[in-house]
Amino acid sequence: MRCDGCGREKDDVAVVGFQWVISVIFVCFRNPVVGAYCKRCRVIRGIGLSVVSAVVGWWAFWGVIYTPAAIFKNIANIFKSTTATIPLTARIVARPISASNEHAHHAVEIRGQCSLPVGRACGFRHSLVDITNPADPMPVYALLDWQQAAGSRVFLDTTEIGVTERGQYLDLTDWVDMKFPIFAEATQAPHSGHRELLSIVELVAAPDTVLWSSETPFSLHLPLGGYVEDHAREVADDALIVRMAVAVAASSHGMSEPEIEAVRVWSKTRLAALDEGGAEFADRANDLAGALARSMHDAESGRLDLGATITRFLAEGSDSGRIEAVELCLAVMRVDGTADHDEMLMINRLANQLGIDEAWFAENRDKSVSGLTTHADSAMDFATLLGIDPASDKDTIRLQLNEQYDRWNSRAVSLSDPGKRREAEAMLETIAKARQELLP
């Protein structure tokens, strides 16, 4: 153990508490000096502080009492056994759900003794590293804000000891829970499932001096998708969503520039959260531009298969990406101001095969269609435009038309914006025409 006196690692170090006394007429000061000292430094420190107390400790009423007590204590500590010193040690302990624990987690416990520098802010910090692949250790992320490093999602938990005073000493003779919980459901590694993690606990003095550190490996099953997996899924989402949007744009008289521009605008929103000067931004931007170029080329050559794209998306894409895909396709349909039958038919098919919630899709489809010019002139056109299955029985079709009429009629009555009100009234006209075609 390191001696606080000479700074050397020695076997005869013991944790001791010396004391010195100074008296000035009516005032008496007692000052503790606690630390881990080797035998040589204990002799020097004990005799030195005893001499100081013997010379200047008597000159007050309480000094007559405190001075001999301090000298006796100093001499006793010179010969203190070295077996009392406990080196700082950390361990990881599983905490199941119990009366005292609302959530199952792993706790960090620390035991041992250590002196602290005077007048400096000290504290413990805890970080996690994924070492499942020892050749490529990677950081672990935290979903809880208070367990994240500043400006980063990297796991970093801290607890403060405060500014140390003279003689302050860390003395943990039994295991103490440091309140560094590790919640599996709020911790994210590069990959999900069984992970080998490394717990790193450090005792730090301001500004950033590490006084002690400990590394403890342990295993943990993480249910969250890994951030490497999430990134790969986002990249796959990007390419497939662009491909579906281009398929919608190409379904009616070929792709127009406004439709392609709508895809480019969406691509910029996907990059908004990334650092524009970073490598990840450049890679994602190139991937999106490449996906758009390939999709346009395949559409022009007749090789863009929406069914195959949907199948691949169901296997590789994310749940949030499904919503993004439908929203972008609706934006592409809307951009030219026309509710095209072929585009709407493809979007209906897309939403159905992706398993989009029917109520959510109906609401967003209606918002997108309202105010657009329609060229519907047949029962099939109206059914596609309003999301109604023309093969349904008359009662079902009547019920669906009534529901849509009630929804748009309430908007036409309640909306204060004249433009929005006109859009609602136009939808009511469309529903009326659909009723004539679908319920002759």
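1. Let me start with Glu109: in this predicted model, Glu109 sits opposite Asp177 of β9. The two strands involved are worth a look as a pair. Strand β4 covers residues 105-115 and is joined to β9 by six bridges, with the two running antiparallel.

2. Zooming out, that pair belongs to an open sheet of three strands, ordered β3-β4-β9, with antiparallel pairing. The edges are taken by β3 (89-95) and β9 (169-177); each has a single partner strand, so one side of each is left with no neighbour in the sheet. As for the twist, going from one strand to the next it averages 25°.

3. Now for the helices. Two packed helices are described by the angle between their axes and the distance between the axes. For α8 (residues 341-353) and α9 (residues 358-369), the axes come within 12 Å and the crossing is at roughly 160°. Angles over 145 degrees count as roughly antiparallel, so α8 is roughly antiparallel to α9. The handedness of the α8 and α9 crossing is right-handed.

4. Which residues in α8 and α9 meet? From α8 come Met344, Ile347, Asn348 and Ala351, and they meet Phe361, Arg365 and Val369 of α9. By type, the residues of this α8 contact with α9 split into five nonpolar, one polar and one charged.

Methods: Residues numbered from 1 in each chain as written. Predicted model: local features only at pLDDT ≥ 70, side-chain atom pairs only at ≥ 80, totals over all residues. Heavy atoms only, no water. Pairing = 2+ DSSP bridges. Helix = DSSP H or I, 4+ residues; strand = E, 2+ residues; numbered from the N terminus. Axes fitted to C-alpha atoms, helices over the stretch in contact; angles between N-to-C directions. Parallel < 35°, antiparallel > 145°, perpendicular 65-115°, else oblique. Left-handed = near helix turned anticlockwise from the far one by under 90°. Contact = heavy atoms within 4.5 Å. Nonpolar A, V, L, I, M, F, W, Y, C, P; charged D, E, K, R; others polar.
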